[in-house]
Amino acid sequence: MNIEDAQKQVDNWIQKHGVRYFNELTNMAQLTEEVGEVARIIARRYGEQSEKESDKNKDLGEELADVLFVVLCLANQTGVDLKEAFDKKLAIKTDRDHDRHHNNKKLK
């Protein structure tokens, strides 16, 4: 699936199951909540914090998908073409960061 298809799929799901989009502020709060859930898994599973028994069954992929879903919602409701925005950002990062990363001794 490409980004354009994902945006359409989310929009179709909202129209069929979600009634309407939550407003932008609500979706921003939801995005923050979902990113927090990803951070909790990463911190406990890959970081130095111990993982609680109740967290061991949490699916990182599912939580990342929750983040993606809300990002797609925000893009749809604010008229952002994510493919276009992503392509533009990748070109900027490629131009700006290529030499910087290759010359970073910490990455070698």
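**Helix packing and a pocket**

Let's start with a contact. In helix α2, E24, N27, M28, Q30, L31, E34, V35, E37, V38, I41, I42 and R45 meet a set of residues in helix α3, namely L60, E63, L64, D66, V67, V70, V71, C73, L74, Q77 and T78. By class, this contact of α2 with α3 splits into 13 nonpolar, 4 polar and 6 charged residues. One caution before we go on: this is a predicted model.

Now the geometry. Two packed helices are described by the angle between their axes and the distance between the axes. Helix α2 covers residues 24-45, and helix α3 covers residues 60-78. Their packing angle is about 160°, and their axes are 9 Å apart. That makes α2 roughly antiparallel to α3, because angles over 145 degrees count that way. The crossing of α2 past α3 is left-handed.

Next, α1. How do α1 and α3 lie, parallel or perpendicular? Their angle is about 85°, with the axes 9 Å apart. The two helices α1 and α3 are therefore roughly perpendicular to each other. Which residues meet here? From α1 we have A6, Q7, V10, D11, W13 and I14. From α3 we have F69, L72, C73, A75 and N76. This contact of α1 with α3 holds 8 nonpolar, 2 polar and 1 charged residues.

Helix α1 also meets helix α4, which spans residues 82-102. The axes of α1 and α4 come within 8 Å and cross at roughly 145°. On the α1 side, the contact is made by I3, E4 and Q7. On the α4 side, L82, K83 and F86 take part. By class, that gives 3 nonpolar, 1 polar and 2 charged residues. Notice Q7: this residue is in the contact with α4, and Q7 is also in the contact with α3.

Last topic: empty space. Rolling a probe the size of a water molecule over the atoms shows where empty space is left. What volume does the largest pocket have? About 220 Å³. It is lined by 14 residues, and W13, F22, N27, Q30 and F69 are the closest to its centre. Helices α1, α2 and α3 each give two or more residues to the lining. By class, the lining has 7 nonpolar, 3 polar and 4 charged residues.

Some names come back here. W13 and F69 line the pocket, and both belong to the contact of α1 with α3. N27 and Q30 line the pocket too, and both are in the contact of α2 with α3.

Conventions: Residues are numbered from 1 along each chain as its sequence is written. This is a predicted model: local features need pLDDT of at least 70, side-chain atom pairs count only at pLDDT 80 or more; totals for chains, interfaces and linings use all residues. Side-chain values use heavy atoms; hydrogens and water are left out. Axes are lines fitted to C-alpha atoms, for helices over the stretch in contact, and angles run from 0 to 180 degrees between N-to-C directions. Helices (H or I, at least four residues) and strands (E, at least two) are DSSP runs, numbered from the N terminus. Angles under 35 degrees count as roughly parallel, over 145 as roughly antiparallel, 65 to 115 as roughly perpendicular and the rest as oblique. A crossing is left-handed if the near helix is turned anticlockwise from the far one by less than a right angle, and right-handed if clockwise. Contact means heavy atoms within 4.5 Å. Ala, Val, Leu, Ile, Met, Phe, Trp, Tyr, Cys and Pro count as nonpolar, Asp, Glu, Lys and Arg as charged, and the others, Gly among them, as polar. On a 1 Å grid over the protein atoms alone, a cavity is a set of points where a 1.4 Å probe fits but cannot get out, and a pocket is an open set with protein on both sides within 12 Å along at least five of seven lines; lining residues have an atom within 4 Å of a point. Grid points are joined across faces, edges and corners, and a volume is the space filled by probe spheres set on the points.
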